[in-house]
Amino acid sequence: MLSISVIVDHISKSYGYGIFNKKYECILNDLCLKLDRGKTIGLLGPSGVGKTTLAKIMMGLETPTSGKIFINNIDIWDSKKEERSKALKKIQMLFQDTQGSLNPKKTIAKSLYETAILVGVKISDIDSKILEFLDIVGLSPDILCRYPHQISGGQNQRVALARILLLNPEYIILDEPTSALDIAVQAQIIQLLRNLQIKRNLGYLLISHNIPLIEFMASHIIYLDKGSVVFSGSTNKFREFYLNKEK
Amino acid sequence: MKILDICDLSVTFSTPVGDVFAVNNTSFSLNENETLALVGETGCGKSVIANSIIRLLPQNAKVTGSILFKGIDLLKVSESELEKIRQQEISIIFQNPSLSLNPLYTVGSQIIEPLIIHKKMSKQNSIDKAIQLLKTMGFSNPSKAYGMYPYQLSGGMNQRILLSIAMTLNPSIIIADEPTKGLDNELVRDIIDEFNTVKRVNNSSIILITHDLSVARELSDRIAIMYSGEIIEIGETKKFFKKPLHPYSQALLNSLPEKGFIAPNGTSPSMINVPRGCKFHPRCPYKKQECSKKIPLFYSYDDRSVRCYLFQ
């Protein structure tokens, strides 16, 4: 199982509830996927099916009940702390709630500055680095002195993207990245994500309800239902599956 | 026949950083039994128009123009007269269904409230009517749904409850502010079906405020496109989707998935430092010299009105 990719290996996740008669509800059941650099996998399924739970497990934010996650061959639950932390930096997540993913008490400059410090950018280089990444995501420097609530949803999403790119990731989980945006802004963000993928060879796991968006972005689609994979295949075959399902 | 006639409506908000020109010289009308979609980006003034119609704007709002409902200017009537018009004649469904309902009361008690207050119905009769409405709105077990609290229902179900409340008094106009925002595809489908039921059962006129073009396409008879506080194109929905006229309308349709998500350049202008002339001219691929000097008037083309010098 040696490869440069993110491998989700037979992941299951159950949550326990109840105090005296503890019961377990299975959210994810024996799920496998492989995310390569430069490729996009689309993850579809009804609300509450476990898509975001899977994303959190891949990010190391939740522990699976069983199964393993490998990031560039490193088992994130069975490796040294340093190795694990290094591997987890390769995978980042762009959230749906654009304003909520930035600290409302900090200016955009401060949010980006902190991230730059975290990745070890020299103090003397920070300003130029931040300006470089703002340019990459198509924002002008005058946004730096503003707070998240003072800028639009699309601009917030671009700032969140700039912050992620500062961390130099290889894979990005996009959790409904455009659902809170207007149609025109949505198109701008989609084009930006596509260009970044080509330039930086990024691997995307795109979680969305928006089927046309997933079909546009992804080369491989996985459809989850009741915690299990009910479809996994190419975008062309997905249309056939979905039409049959609708019947 | 016109049921609502909005003429030269302008709404300005005074803020510490300057006046926000939320709606500028906007005129449109709504006919009986018609569904008019107001479409545009977030912050372009759609909800401000809705709130102006029933005068629910904050105190720092300065409103000019006229809003004639069955010949009465809603901007001039007294508060007590307006209270009768709200809900009985004009009903509004706000954004975010879960937050629009009172979490401490069952949904049933919130449906019967307007019936008891406005129609002076007995409690039992209003309960029967509420259960009937819930059935019309697609609840398989309406009596059970009646006794539930908003947190026990999904976003889509709460939206149907709001629709039921809006329908209780058979209003002449229902204003629906982003009824499908934040709902997944299947729920959006459900809500579209419920609106079709409302149109069939109630014969109400509907103002549908949305930024979702597919919802506007399915539900509306006419469509008005807003950009930066102004209507820039208004006309029959079918014709609009066949051939959008204004460059912004064209950009909007090009952003749709079937057109390959072709993004327009730039972003919407500030509502404080508004550009001179046509608001879209800094982003427009067809801009001419006059576009940056004077706001274009409405020009008629193909039974539609468009605010662009290309159609002069």
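The exercises below work through helix packing and a chain contact in a predicted model.

**Exercise 1.** Work out how helix H4 (residues 107-118) of chain B lies relative to helix H7 (residues 155-167) of chain B.

*Solution.* Two packed helices are described by the angle between their axes and the distance between the axes. The axes of H4(B) and H7(B) come within 8 Å and cross at roughly 20°. Angles under 35 degrees count as roughly parallel, and H4(B) and H7(B) are therefore roughly parallel to each other. Their crossing is right-handed. On the H4(B) side the contact is made by Val107(B), Gln110(B), Ile111(B) and Pro114(B), and on the H7(B) side by Ile161(B), Ser164(B) and Ile165(B); by class, these are 5 nonpolar, 2 polar and no charged residues.

**Exercise 2.** Work out how H4(B) lies relative to helix H5 (residues 123-136) of chain B.

*Solution.* Here the axes come within 9 Å and cross at roughly 125°, which makes H4(B) oblique to H5(B). The crossing of H4(B) and H5(B) is right-handed. Among the residues that meet are Ile111(B) and Leu115(B) in H4(B), and Ile127(B) and Leu133(B) in H5(B), while the contact as a whole divides into 7 nonpolar, 2 polar and 2 charged residues.

Conventions
Residues are numbered from 1 along each chain as its sequence is written. Chains are lettered from A and ligands numbered from 1 in the order in which they are written. This is a predicted model: local features need pLDDT of at least 70, side-chain atom pairs count only at pLDDT 80 or more; totals for chains, interfaces and linings use all residues. Axes are lines fitted to C-alpha atoms, for helices over the stretch in contact, and angles run from 0 to 180 degrees between N-to-C directions. Helices (H or I, at least four residues) and strands (E, at least two) are DSSP runs, numbered from the N terminus. Angles under 35 degrees count as roughly parallel, over 145 as roughly antiparallel, 65 to 115 as roughly perpendicular and the rest as oblique. A crossing is left-handed if the near helix is turned anticlockwise from the far one by less than a right angle, and right-handed if clockwise. Two residues are in contact if their C-beta atoms, placed from the backbone, lie within 7 Å. Ala, Val, Leu, Ile, Met, Phe, Trp, Tyr, Cys and Pro count as nonpolar, Asp, Glu, Lys and Arg as charged, and the others, Gly among them, as polar.
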